[in-house]
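Student: Could you take me through how to read a metal site and a buried side chain in a model like this one?
Tutor: Let us look at the structure first and then take the features one after another.

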Amino acid sequence: MMLHLLPLPDEIASAYKGRLLRHNGWSNPNEAMRSLLAWAGGGGANRWEVSTVELLARVAGMDTSKFVTEHTTVPLRRAVVAEPPWIPHGSSEQGSLLWTMALRGIRPGAYFCVKCVEEDFDHHGTPYWRREHQLPGVYCCSKHGLALSYVETADAFLSSPTAFIDNHQVVSEPWVADLQKNAQVQRFLAICADLLARTQPLDELDVSRAARARAMDLDLHSGHGIVRKRLLSDLVMQRFDKAWLASVVPGLIDKQAGEYWQTVDGAVIGKRAGVGSIVYALVFSALFESADDAINAMIATTSADKCVAPQRLEARQIDEGQLRTAYIAANGSHRGVAAQLRLRESIATKRLGDLGLPPLGNLHAVSLRNTLSAVLQHDMSLSRACRKHGLALDDVKAALRGALGPLDSVLGQITGTGPRPKAAPSAPRHRPVPPPRQTAPIANATREAVWSGHRAAVQA
Ligand SMILES: [Zn+2]
């Protein structure tokens, strides 16, 4: 018998999942999802046929699109997209996106407002994690004007915010007070809030053309040619707080003045350049004097008839992270990965093989892990370790051959007996920088009062 809960207003989906698990006493998220699948009437379905977010929507009694639009950050991540289909957020026709993006954090850390925690405790009977507080660039509660608290604990959303009473950080209050007075930052936040409320993405071609027209009006550099005018990236650098920028667009503050920086300057070339939605929100907040003007320019030329039938995903549209996530969700089944990502099975097998992720077949993950540990850490022979953990030697050998494929390929290149590498290694990714922390004693008496109350409630 499952204890049934409804999502709370603006509750982030992964936190709703955490509340469901806690209320039902489930400690293993995978087993919990199998229980939910059985409850939802999909007991006969393979686990990978229904994504976690679709399951949560069913438990919530909501249409998946509505659940995704109201409880995930997908509408902001997908606000501007470069490739069709421009179908509504959360459409079940985009299975791969629901698997890989819907529950992924949009920024590092888990944020909460202590005053909201107190009020939610009173109004809803439980504190919870709000989606609004998890958005890029948000460090202040819009309702209470308090600097947010945050933790960097993995899977923090599976616990209640009150689990972090004694071990959370507070964003620097003087810094947050400055951000509250910063018109650029406030404009960015208003644009993001508007995009988050939309049910369908915008076509990057239209958005970039609008940005280019405005950049030309402002006599900024646009397009690909030699840089003779002021760069948009320099304008953004000059107008925004550096620490805030480092947390929202990692790497930007490290560029030199006058240096073309594709991640931002690519927004005004008037083409589909694959610039992210957050960067577009930043760019439009720099180019326009009001959030209304900015958002009107963004949406002016995208028509609703961009909705086209979804197509089978091209293999090149799927990155390594998506493949790994799908592989884990499918318990090592290549067929399961293909089903999740809408790929042909042969393509899924090729891509997974390149990553050293073999089909696990009947190999139980725990047994395989214990077998490898016995061989590598305790010098046991492979055949003996297989016997000890109940696995077929040939199956394990096949899996190891697949896992070691990438290493074997590289060794072939080193020794000159294998093919040359197809592509250069990708450039290192920039990581968001956490916000400045509050170091002085907390000035706001409310904060300590709230936590004192909760400490007493939790200890009671
Ligand atoms: Zn609040």
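Tutor: This is a predicted model, and we can begin with the sequence pattern of the zinc ion's donor residues, which are spaced C-x2-C-x24-C-x2-H.

Student: What does the placement of cysteine 116 and histidine 144 tell us about the parts they tie together?

Tutor: Cysteine 116 belongs to helix H7 (residues 114-124), whereas histidine 144 sits in the loop between H7 and strand E3 (149-151), so this pair ties together parts that are 28 residues apart in sequence.

Student: Which atoms coordinate the zinc ion, and at what distances?

Tutor: The donors are SG of Cys113, SG of Cys116, SG of Cys141 and ND1 of His144, at 2.1 to 2.3 Å. The angles among these four donor atoms run from 104 to 113°, and the site is tetrahedral.

Student: Is cysteine 116 buried or exposed, and how does histidine 144 count?

Tutor: Buried means under 20% relative accessible area, so cysteine 116, with 6%, is buried, while histidine 144, at 23%, counts as partly exposed.

Student: How should I read arginine 19 by that cut-off?

Tutor: Arginine 19, which is found in helix H1 (residues 13-24), has a relative accessibility of 4% and therefore counts as buried.

Student: What lies 2.9 Å from a polar atom of the arginine 19 side chain, and which residues is arginine 19 in contact with, leaving aside its neighbours within four places in sequence?

Tutor: The backbone oxygen of leucine 6 lies at that distance of 2.9 Å. Leaving aside those sequence neighbours, arginine 19 is in contact with Leu5, Leu6, Pro7, Leu8, Glu11 and Thr126.

Notes: Residues numbered from 1 in each chain as written. Predicted model: local features only at pLDDT ≥ 70, side-chain atom pairs only at ≥ 80, totals over all residues. Heavy atoms only, no water. Helix = DSSP H or I, 4+ residues; strand = E, 2+ residues; numbered from the N terminus. Buried < 20%, exposed > 50% of the residue type's maximum accessible area, 1.4 Å probe, protein only. Polar contact = N/O pair within 3.5 Å; in protein donor to acceptor, adjacent residues only side chain to side chain. Contact = heavy atoms within 4.5 Å. Donors = N, O, S within 2.8 Å, 3.2 Å for Na, K, Ca; no water. Tetrahedral: all angles 85-135°; square planar, octahedral: opposite > 155°, others 65-115°.
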